Structure formats: C-alpha cells, structure tokens
Amino acid sequence: LLVVRPTHHAGTLLLAYEAAKQTKQDKMADNRLRCALVYRLDAGDETSVTMLAKYDHASQYETSPGGSDLYGGRDKSYADAVGMVIGNDPPGATSEAGTIGGFKVCQSEVHQVVYGSDTDGLCLAVITGLKYPSRVAIQALIELYGKYSEQFGLQAKSATTNSLTKKSKPVLQAMCKKYDDLSKVDKTSALIGKVDEVKVQMQDNISAMLKNTEQAESLAERSDQLNEQASVFKKKSTDLRKQMRCKNLKMTIILTLLVVGVLAIILVPLIMKARK
C-alpha cells in the first residue's frame with residue numbers, strides 16, 4: 001500500500017485552485033445576463049451547428065483573469081461549448097414558421113444556457129447566472145429573434161463561422177443591455193427587488209430598535225445601580241451622623257467634668273481658708 005502525501009507547495013496550489021473555483025461559482029451563480037450567441041442548425045444524420053455571431057456582455061461589467069469555459073473573459077471557447085450543448089440536445093420542433101420556439105434550458109452548478117430555434121434552423125442562445133429567471137431569458141430570445149431575423153435572416157442561411165459577429169453586435173448588445181436589468185423587464189423581479197429592499201429596511205429598523213432597547217436596559221441598570229449606591233450612602237451618612245453625635249456628647253461630658261474638677265481644685269482650698 002503506497003500512501004502519497006501532498007507536499008506543502010502542492011497543498012498550497014490545491015487550496016488556490018479550490019478558492020478560484022469557489023470564486024468562479026460565486027460569480028456565475030447570480031442573476032446577470034452574460035452572453036448572447038447565434039447559430040445555424042443544419043439537419044442531417046447528426047445536427048450540424050455553426051456559430052454565426054457572439055457577444056460577450058459580461059466583459060462590459062467584470063474582468064476574468066483566467067477566463068471561463070462558458071462565459072467569456074480571455075477564454076473564447078464558450079461559444080464552442082454552447083454549440084456542443086445545442087448539438088447534443090437540439091431545440092424542440094417548431095411548427096409555425098417565422099417564430100422561435102422549442103426552448104430548452106441547460107444548467108450546471110454555476111450557470112445556465114437557454115436556447116431555441118425556428119423552422120429554418122436559426123438558433124439563438126443566452127448564457128446567464130443560475131438566479132436569472134429562465135422565463136425572462138426566453139422572453140429576451142423571442143424579442144431578439146424578431147429583430148435579428150428581420151436584419152440577418154437571409155445572411156444566416158449561408159454565413160460562415162463567426163462571420164456575423166461584428167454586424168450583429170449592435171442588436172445583441174442592445175438586447176443584453178436591456179435584459180441585464182431585471183427590474184425593467186420583469187415585474188416579478190421588480191417586485192422581489194422591492195420586497196428585498198423593504199426586508200433590508202425592516203432588518204435595519206429592528207436592529208436599531210434592539211440597539212435602543214439595549215441602551216434603555218443599560219440606562220435602567222445604571223439607574224438602579226445609582227439608586228442602590230444612593231441608599232448605601234444615605235445609610236452610611238446616617239450612621240456617621242449618629243457616631244458624631246455620640247462623640248460630641250462624650251466630649252461635652254468630658255469637658256464638663258474637667259471644668260468642674262478644675263473649679264473644685266481651685267475653689268475648695270479658697271473656701272477652706274475663708275472658713276478658718
């Protein structure tokens with residue numbers, strides 16, 4: 001039995017890898033729209049997928065030092081990865097021409113891909129964080145399809161790989177920019193946002209109330225301590241007053257006896273001489 005223990009350097013690299021992996025998961029498990037992609041699906045024994053255009057919206061609001069397999073950054077293979085997903089599980093059949101449908105959602109631990117296509121094989125897809133509502137992603141694809149098919153529908157039928165990226169950028173960018181802010185396109189998300197704001201405000205109010213209650217309790221405790229100290233001081237002052245009275249009475253008696261003694265010493269001899 002051979003037991004292999006990792007060296008200190010290997011352990012450090014492992015920890016760094018886990019930390020980077022967790023950071024990537026935290027970034028992707030959000031409610032942001034990240035990428036928009038356009039494909040052409042050619043039916044046959046196996047569905048052929050050609051990537052026509054892509055737009056990495058995530059690069060507009062964050063940077064990724066090492067890139068990410070399915071969202072952009074420096075690693076641009078995300079379009080190929082999504083193409084593989086679509087090729088392995090193509091969109092469902094769409095009966096009505098001129099519309100997009102057959103939507104499917106593919107989720108992993110850190111992201112989701114939402115895609116659909118029309119009867120001519122024009123396929124649109126978006127990559128979002130896991131918390132992004134899939135219904136809103138589908139709504140975005142439907143809106144994007146109307147504009148994209150009108151401008152590039154004919155070109156898409158014969159375009160080569162990545163040949164429409166530059167031309168498509170304004171349309172894809174406008175859609176991503178609009179649907180990245182859920183509060184403006186989804187009433188449910190806007191309502192949830194307002195509820196979250198009210199929840200945060202209520203939590204702040206409760207925290208402030210608890211803090212005020214603690215301060216009030218602290219003041220009451222200090223007041224009780226002062227009252228107790230005042231009672232002790234009053235008792236001690238009363239005892240001290242009694243002791244001082246006793247001392248004063250003793251001193252008065254002593255002085256009186258001393259005066260009487262002195263007078264007796266002086267007057268008794270005088271009285272005796274006067275009698276003689």
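Thr 50 is placed in strand E2, residues 48-56, where strands (E, at least two residues) and helices (H or I, at least four) are DSSP runs numbered from the N terminus. The structure is a predicted model, in which local features need pLDDT of at least 70 and side-chain atom pairs count only at pLDDT 80 or more, while totals for chains, interfaces and linings use all residues. Residues are numbered from 1 along each chain as its sequence is written, and side-chain values use heavy atoms, with hydrogens and water left out.

Thr 50 has a relative accessible area of 12% and is therefore buried (buried: under 20% relative accessible area; exposed: over 50%; partly exposed: in between; 1.4 Å probe, protein chains only). Beyond neighbours within four places in sequence, Thr 50 is in contact with Val 38, Tyr 39, Arg 40, Asp 42, Thr 160 and Thr 161, contact being heavy atoms within 4.5 Å.

The protein comprises 6 helices and 5 strands, arranged along the sequence as α-β-β-α-β-β-β-α-α-α-α. Buried residues make up 30% of its 276 residues. Of the contacts between residues at least 6 apart in sequence, 56% link residues at least 24 apart. The accessible surface is about 18,700 Å², and carbon and sulfur atoms account for 59% of this area (Shrake-Rupley method, 1.4 Å probe; for residues, only the protein chains shown count as cover).

The largest nonpolar core has 30 residues, of which Val 38, Tyr 148, Met 175 and Tyr 179 touch the most other members. A nonpolar core is here a set of buried Ala, Val, Leu, Ile, Met, Phe, Trp, Tyr and Cys residues joined through side-chain atoms within 4.5 Å. Two or more residues of this core are given by each of strands E1 (33-42), E2 and E5 (122-128) and helices H3 (134-156), H4 (165-180) and H5 (182-185). H3 supplies the largest share, 9 residues. With neighbours within four places in sequence left aside, Tyr 148 contacts Val 38, Ala 53, Leu 122, Gly 153, Leu 164, Ser 168 and Val 171. A separate core of 14 residues includes Leu 37, Leu 41, Ile 86 and Val 113.

H4 bends by about 35° at Val 171, the bend being the angle between axes fitted to the seven residues ending at a residue and the seven starting there. The buried residues of H4 are Thr 165, Ser 168, Val 171, Leu 172, Met 175, Cys 176, Tyr 179 and Asp 180. An α-helix has 3.6 residues a turn, so residues three or four places apart point the same way. The buried residues of H4 pack against E1, E2, E5, H3 and H5.
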